[in-house]
Amino acid sequence: RGIPGNDYRRESMTIAEDMFSIKKRNTELATYEFRHGVSRVDSYPTTIGVSVNETCNVHCIFCCVKTKSDTKIDWSHFKRLTPIFPRITEVIFSGEEVILHPHIWEMFETLTRQKIHVNFLTNGKALTPEVMEWLVDHGVGHISCSFHGATEDTYNSIVRGADFTTI
C-alpha cells in the first residue's frame, strides 16, 4: 500500500519533519489512495470542518435554526484537535455566525501559525474594518459572505437585524 517507492506509513512521519513536508506528504498519499480506490487508508484527513457555535446576530427568514442558543465548542475541545494539525491543510468553520465565538481569534491564529488555510462563512454584520484588518494580518485565507438581496428592500426583508447599507 501507499505510493510505490516511498514509505508513507504513519509511523514514518516524525516530529522532526517540518509542517510543510508533512502536509505535502499527507496530501499526496490521500490523493493516491482516492485515485486508486484504496479502502483502508493510511492518510489523515486533509480538511476538517468545525462547527463552533449556534449563536447568530441576525434572523434570516429562511434559516432552519429557529431557536438560537449559546451552545459553542469549548476552547479546550478545540485544542484537542491539535495532534492532527500538522497533517491538515484546511479547516472550514461553520456555525450560525462563526466570528461571534469568544475564542475564534485564538482558533484562527492557532491554525494560521501552522500554515493551515482558514475558511469560514459570515453574514458580514460583524466584519468591521478592524476585524477585516485582523483577518488579513493573520493570514485568514477564505471568507465567504452571504448576501441575500440585490436591493435594500429585498435584503432588509430577508435578513432581519442587518442593514443593507452597512454590510
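View 1. Ile48 sits opposite Val91 in strand 3. Thr47, likewise, faces Glu90 in strand 3. Strand 1 and strand 3 run parallel and are joined by five bridges. Strands here are DSSP runs of E with at least two residues, helices are runs of H or I with at least four, and both are numbered from the N terminus. Two strands count as paired if DSSP finds at least two bridges between them. This is a predicted model, where local features need pLDDT of at least 70 and side-chain atom pairs count only at pLDDT 80 or more, while totals for chains, interfaces and linings use all residues. Residues are numbered from 1 along each chain as its sequence is written, and side-chain values use heavy atoms, with hydrogens and water left out.

View 2. Four strands make an open sheet in the order 1-3-4-5, with parallel pairing. At the edges are strand 1 (47-51) and strand 5 (142-145), each pairing on one side only. On average, neighbouring strands are turned by 15 degrees against each other, direction ignored. Further in, strand 3 and strand 4 pair in the parallel sense over four bridges, and Phe93 stands opposite Phe120 in strand 4.

**View 3. Helix 3 over the sheet.** Strand 3, helix 3 and strand 4 form a right-handed β-α-β unit (with the strands pointing away from the viewer, the path from the first strand over the helix to the second runs clockwise). Helix 3 lies across strand 3 and strand 4, at about 165 degrees to strand 3. Such angles run from 0 to 180 degrees between N-to-C directions, with axes fitted to C-alpha atoms, for helices over the stretch in contact. Which residues of helix 3 are buried? They are Ile104, Met107, Phe108, Thr110, Leu111 and Thr112, buried meaning under 20% relative accessible area with a 1.4 Å probe, protein chains only. These residues pack against helix 2 (75-79), strand 3 (90-94), strand 4 (117-122) and helix 4. After helix 3 comes Lys115, with a positive phi near 60 degrees.

**View 4. Helix 3 meets helix 4.** Helix 3 (residues 104-113) and helix 4 (residues 129-137) pack at about 25 degrees, their axes 10 Å apart. That makes the two helices roughly parallel, a label for angles under 35 degrees. Trp105, Phe108 and Glu109 in helix 3 touch Val131, Trp134 and Leu135 in helix 4, contact being heavy atoms within 4.5 Å. The residues of this contact split into five nonpolar, no polar and one charged; Ala, Val, Leu, Ile, Met, Phe, Trp, Tyr, Cys and Pro count as nonpolar, Asp, Glu, Lys and Arg as charged, and the others, Gly among them, as polar.

Terms used: Angles under 35 degrees count as roughly parallel, over 145 as roughly antiparallel, 65 to 115 as roughly perpendicular and the rest as oblique. Buried means under 20% relative accessible area, exposed over 50%, partly exposed in between (1.4 Å probe, protein chains only).
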